[in-house]
Amino acid sequence: PDGKPSTYAVAERQRAVGIVAVDDQGRILVMREFKYAAEKELLVIPAGKVEPGEDWLDAAKRELREETGVEAANWKRLGNFYTSSGLTDEYAAIFFARDLTIGEPKREGSELISDQRWMDPVELYAMLDRGELEDSFILIGLALARGEGPGARDEGRGANSTALDRR
């Protein structure tokens, strides 16, 4: 920006999606998954890449179904973000999914998921406050999903308090 020559390294990546899936009790679907770059298991929301030519929502539906076996009747795109704007051009979308049907996952061999469970948002926000959540998709997903619980209005946040609003 200042006109002086510089060297930058940028990892070119595909687009990605993350899904905040909420059941009829207001619980959020999370998984423990080994992440190679972090060299450890992290608590994550379902997420994955958008294939070339694939629609954002179609990718979110596919990733949720493949990773968890869950399908959703209602979807809402909550927002977009760069996953690490200083290192990569990867751009991601977070979706909110509800009215769920539970099935069997069809995971890829590279997905090392050791646990899949439903968690109360209050517990997840307490983990956030204690610094126990480190994955960008779960952090941004929780931030964008506040106010999007089963009773939330699609046109905005605020009037209807839900489980996702409690801390």
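**View 1. Glu90, a buried residue in a loop.** In this predicted model, Glu90 counts as buried because its relative accessibility is 11%, and buried means under 20% relative accessible area, with a 1.4 Å probe and protein chains only. Glu90 sits in the loop between strand S5 (70-82) and strand S6 (91-102). Helices (H or I, at least four residues) and strands (E, at least two) are DSSP runs, numbered from the N terminus. The side chain of Glu90 makes a polar contact with the side chain of Thr83, at 2.8 Å. A polar contact is a pair of N or O atoms within 3.5 Å; within protein, one must be able to donate a hydrogen and the other to accept it, and residues adjacent in sequence count only if both atoms are side-chain atoms.

Residues are numbered from 1 along each chain as its sequence is written.

**View 2. Glu39 and Asp99, residues with positive phi.** Glu39 has a phi near 60°, a positive value in a residue other than glycine. Glu39 is in the loop between S2 and S3 and is exposed, with a relative accessible area of 66%; exposed means over 50%, and partly exposed lies between that and the buried limit of 20%. For Asp99, phi is also near 60°, but Asp99 lies in strand S6. Asp99 is partly exposed, at 47% relative accessible area.

**View 3. The open sheet S3-S2-S7.** Three strands form an open sheet in the order S3-S2-S7, with antiparallel pairing. S3 and S7 are the edge strands, each pairing on one side only. Neighbouring strands of the sheet are turned by 20° against each other on average, direction ignored. Axes are lines fitted to C-alpha atoms, for helices over the stretch in contact, and angles run from 0 to 180 degrees between N-to-C directions. Two strands pair if DSSP finds at least two bridges between them; S2 and S7 have six bridges, in the antiparallel sense. Leu29 stands opposite Trp118 in S7. Helix H1 (residues 56-68) packs on the sheet and touches S2 and S7, its direction making about 75° with that of S2.

**View 4. Helix H2 and what covers it.** Which residues of helix H2 (residues 121-129) are buried? They are Pro121, Leu124, Tyr125 and Met127. Seen down the axis of H2, these buried residues fall within an arc of 155°, so they line one face of the helix. The arc is that of the directions from the helix axis to the C-beta atoms. An α-helix has 3.6 residues a turn, so residues three or four places apart point the same way. Strand S2 (28-35), strand S3 (40-44), strand S7 (113-119) and helix H3 (136-145) are among what covers the buried residues of H2, where contact means heavy atoms within 4.5 Å.

**View 5. The two ends of H2.** At the start of H2, a side-chain oxygen of Asp120 comes to within 2.7 Å of the backbone nitrogen of Val122. Just after H2, Gly131 has a positive phi of about 75°.

Key. This is a predicted model: local features need pLDDT of at least 70, side-chain atom pairs count only at pLDDT 80 or more; totals for chains, interfaces and linings use all residues. Side-chain values use heavy atoms; hydrogens and water are left out.
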